[in-house]
Amino acid sequence: MRPDRWREHVARGRSSTFQIFDDALQGKARFDFDEALVKGVVTWTGFADLPRLHLVAGGG
Amino acid sequence: MNYSDLATRLSQLGERLSKQADKLEGENLGRSAAKLASQLVRFEEQLESHLASRKSGELLLESLLRSPASKRHLTIGLLKRGVREICAKRLKSENLPAAKREFIELIRATRQQDLAVEFLKEAFADAAHVESGGKDKALLQREFVHLGQSLDEDFAVEIAARTIAELRRIATVNGIRFTDKTNRQRLTTLIRRYAQRAALNVAAARVPSRN
Amino acid sequence: MIYQILDSALGTQFKQYDYVLLDCPPNLYSTTKAAIFSADSCVVPYVPDYLSLSGFQVLAEQIAEMREKFAAFLPGRRKPNIGALIVSHYRQTGNVFRLAVNELELSMAALREEGVLSDHAVLLHPYIRHCVRVAESTSEHLPVILYAPGSIGAQDYADLTQQFVDRFEGKK
């Protein structure tokens with residue numbers, strides 16, 4: 001994922017494994033796997049390659 | 001944007017265009033539409049070609065021939081063997097780029113892309129496989145640590161009992177470089193120094209187990 | 001138990017994948033321990049120097065302790081273990097790197113003898129050689145096999161991946 005999009009994606013601890021741990025500590029259930037999942041690697045064309053590589057970010 | 005987003009965008013654009021088609025006018029808009037149409041034709045051709053070659057196995061074959069594994073392990077000999085085994089034909093090219101092209105053509109002509117992919121995958125996997133070094137290596141490594149732990153006098157006795165060939169073997173297995181000109185004394189010094197270091201380092205950072 | 005957090009959140013998702021790689025930071029805080037709890041095996045990267053060597057030795061001991069601690073929470077499942085090690089930033093010139101890798105192998109043998117490291121833990125080949133393209137690829141936010149597929153780094157990783165698959169799918 002491109003850095004600018006990645007920063008948006010994980011902003012405020014969302015959509016990352018950080019959120020999983022934060023949810024557990026705070027007794028919440030905000031983490032959504034399908035929303036967090038990034039499919040493929042965005043190349044400089046702007047389109048993804050390696051579509052079978054799925055990523056969940058580690059956090060901000 | 002990803003391919004899904006692109007599909008959605010094209011779909012939405014298609015719907016809008018369809019509703020407005022009878023009312024659109026103007027040279028600028030026409031020129032823009034012409035450019036888009038021409039790009040769409042090119043993209044459609046590439047997409048069709050991609051899907052067709054994926055279905056036939058050719059895409060995978062070409063990816064494999066361009067892969068890092070191919071760069072390291074692909075040889076003319078391997079391609080010749082492949083053509084012989086898969087198509088019962090003879091590869092004629094004697095340089096690698098030409099041999100690759102000929103390989104692809106022969107495979108394509110006989111529609112054996114799937115077999116060719118399996119052949120190459122197995123060949124690359126075999127080439128990447130490295131033997132572990134076996135029991136001899138493990139024994140020589142233990143001996144190295146033992147030599148490192150020995151007192152000077154014991155070390156001298158142990159070394160004296162070994163031939164230069166044995167010392168070279170101990171040194172080689174344990175990562176010590178030397179040349180044909182390295183004499184016995186120098187080799188002994190190197191073994192002593194690095195064996196002592198290894199014995200110390202392997203023991204030094206151990207956290208005592210909490211039994 | 002706190003270490004079950006990751007397993008609870010992602011456990012059902014793991015089933016849809018052939019491989020799930022949990023990339024951990026170089027420490028043993030709770031998040032790393034949670035990953036170790038969830039994993040079938042650990043793969044440990046090793047840079048050929050003494051700091052990595054001592055870090056590996058500490059990690060191996062800690063994972064052995066976790067094996068005992070977590071056993072009750074993992075009935076019928078594989079307990080924390082080190083499955084493989086990978087050498088990176090390797091240079092072929094001089095003695096330094098070969099000796100450092102040898103010390104890793106000696107350390108693995110010593111830990112196996114003490115029952116800290118499993119007999120199944122292997123050192124994978126090839127060693128990933130120092131390659132500028134690998135470093136550059138991180139700045140480009142791309143894996144090296146896309147950024148510089150012809151580089152020695154990409155070649156080494158491709159071969160290492162084959163060894164990894166062979167190891168964890170029980171071949172060779």
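Colleague: What ipTM and pTM does the model score?
Modeller: This is a predicted model, in which local features need pLDDT of at least 70, side-chain atom pairs count only at pLDDT 80 or more, and totals for chains, interfaces and linings use all residues; side-chain values use heavy atoms, with hydrogens and water left out. Residues are numbered from 1 along each chain as its sequence is written, and chains are lettered from A and ligands numbered from 1 in the order in which they are written. The scores are ipTM 0.87 and pTM 0.82.

Colleague: What is the mean pLDDT of chain C?
Modeller: pLDDT is the predictor's confidence in each residue, from 0 to 100. Where pLDDT is low, the predicted coordinates should not be read in detail. In chain C, 99% of the residues reach 70 or more, and the mean is 91.

Colleague: In what order do the 3 strands of the open sheet in chain C lie?
Modeller: Strands (E, at least two residues) and helices (H or I, at least four) are DSSP runs, numbered from the N terminus. Two strands pair if DSSP finds at least two bridges between them. The pairing in this sheet is parallel, and the order is β1-β2-β3. The edge strands, each pairing on one side only, are β1 (42-46) and β3 of chain C.

Colleague: How many bridges join β1(C) to β2(C)?
Modeller: C:Cys42 has C:Ile82 as its bridge partner in β2(C), and C:Tyr46 stands opposite C:Val87. The two strands run parallel, β2(C) covering residues 82-87, and the number of bridges is 5.

Colleague: Which helix lies across β1, β2 and β3 of chain C?
Modeller: Axes are lines fitted to C-alpha atoms, for helices over the stretch in contact, and angles run from 0 to 180 degrees between N-to-C directions. The helix in question runs at about 170° to β2(C). Its residues are 152-168, and it is α7 of chain C.

Colleague: At roughly what angle do the axes of α8(B) and α4(C) cross?
Modeller: Two packed helices are described by the angle between their axes and the distance between the axes. Angles under 35 degrees count as roughly parallel, over 145 as roughly antiparallel, 65 to 115 as roughly perpendicular and the rest as oblique. α8(B) and α4(C) are therefore roughly perpendicular to each other. The axes of α8 (residues 134-149) of chain B and α4 (residues 96-113) of chain C come within 10 Å, and the crossing angle is roughly 95°.

Colleague: Which residues of α4(C) does α8(B) meet?
Modeller: Contact means heavy atoms within 4.5 Å. On the α8(B) side are B:Lys137, B:Gln141, B:Arg142, B:Phe144 and B:Val145, and these meet C:Asn102, C:Glu105, C:Leu106 and C:Glu113.

Colleague: Is B:Leu65 buried or exposed?
Modeller: B:Leu65 lies in α3 (residues 58-66) of chain B. Leaving out residues up to four places away in sequence, B:Leu65 touches several residues, among them B:Leu74, B:Phe103 and B:Leu120. The relative accessible area of B:Leu65 is 3%, so B:Leu65 is buried.

Colleague: Which residue in the turn of the β1(A) and β2(A) hairpin has a positive phi?
Modeller: β1 (residues 38-42) and β2 (residues 48-55) of chain A pair in the antiparallel sense over 4 bridges. A:Val42 stands opposite A:Ala48. The hairpin has 5 residues between its strands, and the turn residue with a phi of about 95° is A:Gly46.

Colleague: What is the phi of A:Leu50?
Modeller: A:Leu50 lies in β2 of chain A. With 26% relative accessibility, A:Leu50 counts as partly exposed. Its phi is positive in a residue other than glycine, near 50°.

Colleague: Which peptide bond of chain C is cis?
Modeller: C:Pro126 is in the loop between β3 (122-123) and α5 (132-139) of chain C. The omega is near -5°, and the bond runs from C:His125 to C:Pro126.

Notes: Buried < 20%, exposed > 50% of the residue type's maximum accessible area, 1.4 Å probe, protein only.
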